[in-house]
Amino acid sequence: MRKETLTLSNIAHDLRLVARRSMDNAFSHREAYAFPLLILAALLCFVFKKWLLALPFLAVAGYHTYHFALSYKKNRSIRLMIDDGLERGEISIGVEKLSSIRQEEIYEPHHTGRRAQTTKTVTFYYFESGIQWREPSIARHYQWSKEYYISSKGLENISISGDEFYYVVLQGNPEIAYIYPCKNFALDENLKQI
């Protein structure tokens with residue numbers, strides 16, 4: 001089986017995707033509350049002339065708008081951190097042996113369509129060293145790959161306990177990490193020095 005070469009630009013693509021997906025939940029959660037409350041408050045103020053009745057809705061909408069802005073600022077700083085970290089070579093690459101894959105239900109407020117949910121089922125990959133990797137909710141892994149782009153279910157299906165993976169993590173931010181099966185990918189010569 002031929003291995004595809006894993007380059008720094010491939011890793012950068014995947015780490016940015018992880019950062020973007022992790023922030024999407026915060027955005028959608030805040031958007032779902034803030035905008036409808038603002039519309040309701042505007043209706044109460046301008047259509048029904050109920051200014052005092054609109055104040056609680058404005059307060060809650062303001063709270064969610066404020067946190068939406070904080071999430072946006074954090075997302076922007078994480079994107080800059082990824083770009084700066086990759087430019088300076090602030091990533092760690094190690095080889096980890098897979099011990100298990102588990103579906104777990106976690107507390108994470110999010111929206112599915114019109115419904116608010118407080119929990120979410122996510123997939124975690126556990127490694128023998130004690131490291132765990134949370135699989136991002138994306139349609140396809142390794143989208144840049146010509147041969148090995150794969151769905152989330154496909155990655156789970158080809159991953160067997162004892163398989164080795166390249167575990168790439170942004171130094172100083174352990175949530176920004178990605179895994180690559182060693183049976184499918186080989187490190188670029190420049191990455192072997194990291």
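**Salt bridges, a core and a patch**

Trainee: Let me start with lysine 183: what relative accessible area does lysine 183 have?

Mentor: Lysine 183 has a relative accessible area of 32% and so counts as partly exposed, and please keep in mind from the start that this is a predicted model.

Trainee: Which residue does lysine 183 form a salt bridge with?

Mentor: The partner is aspartate 163, and the closest N and O atoms of the two are 2.9 Å apart. This pair links distant parts of the chain, since lysine 183 sits in the loop between β8 and β9 while aspartate 163 sits in the loop between α3 and β7, 20 residues apart.

Trainee: And is aspartate 163 buried or exposed?

Mentor: Aspartate 163 is buried, because its relative accessible area is 16% and the cut-off for buried is under 20%.

Trainee: How many salt bridges does a search of the whole structure find?

Mentor: The search gives 4 salt bridges, and one of them joins the side chains of glutamate 147 and arginine 2, with 2.3 Å from N to O. Glutamate 147 belongs to the loop between β5 and β6 and arginine 2 to the segment before β1, so this pair ties together parts that are 145 residues apart in sequence. Arginine 2 is exposed, at 53% relative accessible area, whereas glutamate 147 is partly exposed, at 40%.

Trainee: Changing topic, how many helices and strands does the chain have?

Mentor: There are 3 helices and 9 strands, and along the sequence they come in the pattern β-α-α-β-β-β-β-β-α-β-β-β. Of the 194 residues in the chain, 40% are buried.

Trainee: Which residues have the most contacts inside the largest nonpolar core?

Mentor: Those are Ile11, Trp133, Tyr142 and Tyr180, in a core of 35 residues. The elements that give two or more residues to this core include the helices α1 and α2 and the strands β2 and β3, but the largest share, 6 residues, comes from β7. As a general point, nonpolar side chains in soluble globular proteins tend to be buried together.

Trainee: Where does tyrosine 142 lie?

Mentor: Tyrosine 142 lies in the loop between β5 and β6, and it is buried, with a relative accessible area of 2%. The phi angle of tyrosine 142 is near 55 degrees, which is a positive value in a residue other than glycine.

Trainee: One last topic, the surface: which residues make the nonpolar patch?

Mentor: The patch of about 670 Å² is made by Ile39, Leu43, Phe46, Val47, Phe48 and Trp51, and the largest share, 4 residues, comes from α1. Tryptophan 51, on the other hand, is found in helix α2, and this residue is partly exposed, with a relative accessible area of 49%.

Conventions:
Residues are numbered from 1 along each chain as its sequence is written. This is a predicted model: local features need pLDDT of at least 70, side-chain atom pairs count only at pLDDT 80 or more; totals for chains, interfaces and linings use all residues. Side-chain values use heavy atoms; hydrogens and water are left out. Buried means under 20% relative accessible area, exposed over 50%, partly exposed in between (1.4 Å probe, protein chains only). A nonpolar core is a set of buried Ala, Val, Leu, Ile, Met, Phe, Trp, Tyr and Cys residues joined through side-chain atoms within 4.5 Å. Patches are made of residues with over 30% relative accessible area and no salt bridge: like charges are joined within 9 Å, nonpolar side chains (Val, Leu, Ile, Met, Phe, Trp, Tyr) within 5 Å. Accessible areas come from the Shrake-Rupley method with a 1.4 Å probe; for residues, only the protein chains shown count as cover.
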